[in-house]
Amino acid sequence: MSEDLPRDDLVGGTNNSERDGKRPLKPQYMTVGSGSTSASAAALMASLDNDGVYDGSMSNGSSSTGSSRWNPRLTQDRYTPSSTPLGEQSSATAESERRILASHIHQLQYNQNRVALARAITGAVTLLKDLQQMNFTWPAHYPSISESSEQSRPTSRPGLAHTQSSIGETKNIDSDRPGGLRRAATQLGEIAESSSAAHKRAEKAAPEGLITSKASQEFSILKLDLKLQGLTQSEIAHSMDRKAIASLLDGRINQSVRHLLLLRDRIEDTSSKVLVTGDLNAGKSTFCNALLRRKVLPEDQQPCTSIFCEVLDARENGGIEEVHAVHKDVVYNRHDESSYDVYTLQDLEKIVTDNDKYNQCKVYIKDARSIDQSLLNNGVVDISLIDAPGLNSDSLQTTAVFARQEEIDVVVFVVSAANHFTLSAKEFIWNAAHEKAYIFIVVNGYDNIRDKDRCQRMILEQVANLSPRTFKESSELVHFVSSNAIPTPGLPPGGPNSPGGPGGSGSGAHSGSDGPSGHDDNENKGKNDKGKGKDKEKLQDFEHLETSLRRFVLEKRARSKLAPAKTYLTNMLSDLHYLATVNRDVAQAELDRAHEELNEIEPAYEQSKKASSEATDIVDKMIESASAETYRHTRGKLTTTIDQVAEQDLGIEYVGLLNAFQYAEDIKLALLNKISEALVSCEEDARQQTVQNVQKINTISKNHLGDEFEELSFKSDVMFSHKKDQLARQVDIPVEVWDFFDFTSLWDRQEKIAGTGMALTVASVVGGRLVGGVGWVDSAVGIARVIGANNLKQMIIPGLIFSAFLSTAYVVYSIPYSLPRRLSQRISSTLFAIDYVHKNSYRISQKVSIVLRVPANNLRLGLRHSVESLNTRRTEALKVKDESSVARKYFANLVRESNESKRSVEAVDLEGAAPGVGGAYESGPMI
Ligand SMILES: Nc1nc2c(ncn2[C@@H]2O[C@H](COP(=O)(O)OP(=O)(O)OP(=O)(O)O)[C@@H](O)[C@H]2O)c(=O)[nH]1
């Protein structure tokens, strides 16, 4: 089909094929009648009407007046005849059909692209929201920009266009926009380094995630505004923690989602808005009126337009001409009268020039010109014309003009031929050019210029600097006109709907009731032929402008409306793809690191656990055995000492019976001292043993803990402390008389010598013999037999007295031998009664155990700490492993999905012309 139809201007009213004498191939359907619209064309139009494509846009005014909404059926393929028999139709009818058909195809193509982009936007929003979720659980790494990019950032016009359109954002992004290719891996703050040094550092930093060697690539949409005075981006990125950057990214994602949704709304809005802007008094209102061929908007030499006036086709308002002045801070809804006040067209001047109640108004007017000529009533799409306040009227209004950029499809910039581009004009075009590669420039007031060639040259030079693409197509996009030379009939005094009102003037220069100039038409009346010729020239220039503008608006609508979405999506998906690639790699690196770390930690952890329990066991056993050994040793030594203490040389001299008691006391103390000494000696042994064991534990600790080991100070001398007379106080046994008589030992001796237990009996019989010693008893028995019984009876009493004397003498004599034994026995039984040996053995062994537990506990704590720290590292590594594994999968998917999505967006061809629709600027990309 596209090959069948010539690529000429089919909408703008100029049939190049005819002009060239070639006959275009006709579609294969019959056309009947010779009216302005053929029946088949009408049928086609009707079907299109049903589809809602040309909703409210047809010339017969019978179409629906509702807002144009997208109908899914539009994208369905349907039969379109490839050629049409010529029949007997007039060339005018054929031309009309061809135009309509071309429009139809154009519209279909437009709708296909629009649906593809809307779907891509929905997909991109889902991707962004998923990324937001992931960014929440796994803070995304953000590659910071390279130094070279900062350095090379252009101070002039950026190379990469973007479509972030709110004013604040526009400015930020503009100033941050990268200039071109950057040297990879050269980070901020490293400008003085050699590139290899910089590269090494960047590579080293890469695993940390914030800076990667791929940082040469730039973000355009998801760029974070990391700016702090005196700090480079890289420094800021390093100084901020990953979570802070992730939260900045989260904010940026939110902005992007919002912008994408706005773009979707915009592409789904089938109408097109044309913003007419320019400097104060440049003739914007006059130009709009000239386009409408009606003096609708107020013109004045004084600055007059203070609010936005949107001129729409009255069919969108039920065919009624009126003004809806929209209340400030209210969203306009035609069906909600509380959102606006209704005025007549005559009131417009008052509303526009002086008001603080409204900031925009909707002007519904009828345009009765044919669809070939009218811009509003063009037969293809609903167009509205927005007359904006002068850019330099005040800063607030300029901001407002910027803010409206998002809903604008085409910008017509009116510049005064006399004043050229002012600063505010340049600033506006500069910024608008990011989103709209082409700007339609109207150089107005050309009639005022004497040296027209010079004016053209100068203006075009400025355009070349401001918008090179527009300059390239300047024959189509830059027009030198005199808007006031176009006849614009004034409003009828009786109101907009009264007879003699709008319409009917056509395109003739002098057909309007007001003459060629809307203001002082009388001045022009009666001018000579030369003057008339000039007016005709002006009109032709203006008609040429109109043709170009129609073409620009209608044919390039696809670009102007869809290109921002396509550009934004492409940039956003590129950013997403880049971010996903970086994060996939970072996640992979983290995963590898976690694996490596786990491979290292796991055996160390197990080893540490084993070593810890082994060392603890060894030390516990050591303490147990040291304690037991101490107990055994102490008990043995004390028992022996107590048992044998009487046998020792106590060093106390016996000085006689008179001092026997003192002697006994001294002996007692000496005995106790000996026992105490033995105890102290046991303690000393225990101390020595403890010192050795502490050293052993410290050696084990050092071996296990290495540098972590902190030796505790150990003061062995404070282990045991006693009061000297402690035992004497404990064993308080008073010396008794019986302590001096050691009957037990006497008895023992007798038994030893005579082998009988009758020692005392013998002593009583032969008392005298006792003096001589125990051996004498036997002799005495023998003597008794010799002497006879009677003699013995007489000797008994004196004998007994003598024996007693001898016994006493013997006892007194044996005190130094018997007293220590007797006292030691008593001490021993007292000590036994108080469980002295066990208690002290236990005390000393416990002390050993307690003292040894201090370094043992130190070792245990150190081991536990080292096991725990390994375990913490292990748990952390496991967590990182799990999280980065999930992140890697997610980002790998995102890499794929963003790439696929980007490719499908790139495949949306906004450049190619629809079949049969020619255009002047097909060659270059839109943005
Ligand atoms: N000589 C000449 N005068 C013009 C032309 N176009 C507009 N004017 C005059 O310039 C003055 C300003 O025109 P407007 O259309 O009100 O200008 P504007 O840009 O809409 O003004 P504001 O909305 O207030 O910024 C009026 O007196 C117009 O008659 C032109 O092409 N040639």
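Good morning. Helix α19 covers residues 660-705, and at 1.5 Å a residue its 46 residues should span 68 Å; the end C-alpha atoms lie 66 Å apart, which agrees. The expected span here is 1.5 Å times one less than the number of residues. Helices (H or I, at least four residues) and strands (E, at least two) are DSSP runs, numbered from the N terminus. Directly after α19 comes glycine 706, with a positive phi near 60 degrees.

Before I continue, a word on the model. It is a predicted one, in which local features need pLDDT of at least 70 and side-chain atom pairs count only at pLDDT 80 or more, while totals for chains, interfaces and linings use all residues. Residues are numbered from 1 along each chain as its sequence is written.

Where does α26 bend? The bend, of about 30 degrees, is at valine 854, and a proline, proline 855, follows within four residues. A bend at a residue is the angle between axes fitted to the seven residues ending there and the seven starting there.

The loop between α25 (789-833) and α26 contains aspartate 835. Its phi is near 55 degrees, a positive value in a residue other than glycine. Is aspartate 835 buried or exposed? It counts as exposed, because it has 11 C-beta neighbours inside 10 Å. By the rule used, a residue is buried if 20 or more other C-beta atoms lie within 10 Å of its own, exposed if 12 or fewer, and partly exposed in between, with C-beta atoms placed from the backbone.

Arginine 293, in the loop between α9 and β2, also is not a glycine and has a positive phi, of about 55 degrees. Arginine 293 counts as buried because 28 C-beta neighbours lie inside 10 Å.

I turn now to the sheet. Strands of a sheet pair through backbone hydrogen bonds, either parallel or antiparallel. Here 9 strands form an open sheet with mixed pairing, in the order β4-β3-β5-β2-β6-β1-β7-β8-β9. Its edge strands, β4 (340-343) and β9 (478-480), each pair on one side only. Two strands count as paired if DSSP finds at least two bridges between them.

Strand β5, residues 358-365, is mostly covered, with 7 of its 8 residues buried. Strand β2 (residues 308-313) runs parallel to β5, joined to it by 6 bridges, and leucine 312 stands opposite tyrosine 364 in β5. Strand β3 (residues 322-327) pairs with β5 in the antiparallel sense, over 6 bridges; histidine 324 stands opposite lysine 362 in β5. Strand β6 (residues 383-387) and β2 are antiparallel, with 3 bridges, and valine 311 faces leucine 385 in β6.

Finally, the ligand. Its surroundings comprise 22 residues, the closest being Gly283, Ser285, Thr286, Thr305 and Gly390. A residue is near a molecule if its C-beta atom, placed from the backbone, lies within 6 Å of it. Which helix gives the largest share of this shell? Helix α9 (residues 284-292) does, with 3 residues. By type, the shell divides into 4 nonpolar, 14 polar and 4 charged residues. Ala, Val, Leu, Ile, Met, Phe, Trp, Tyr, Cys and Pro count as nonpolar, Asp, Glu, Lys and Arg as charged, and the others, Gly among them, as polar. Thank you.
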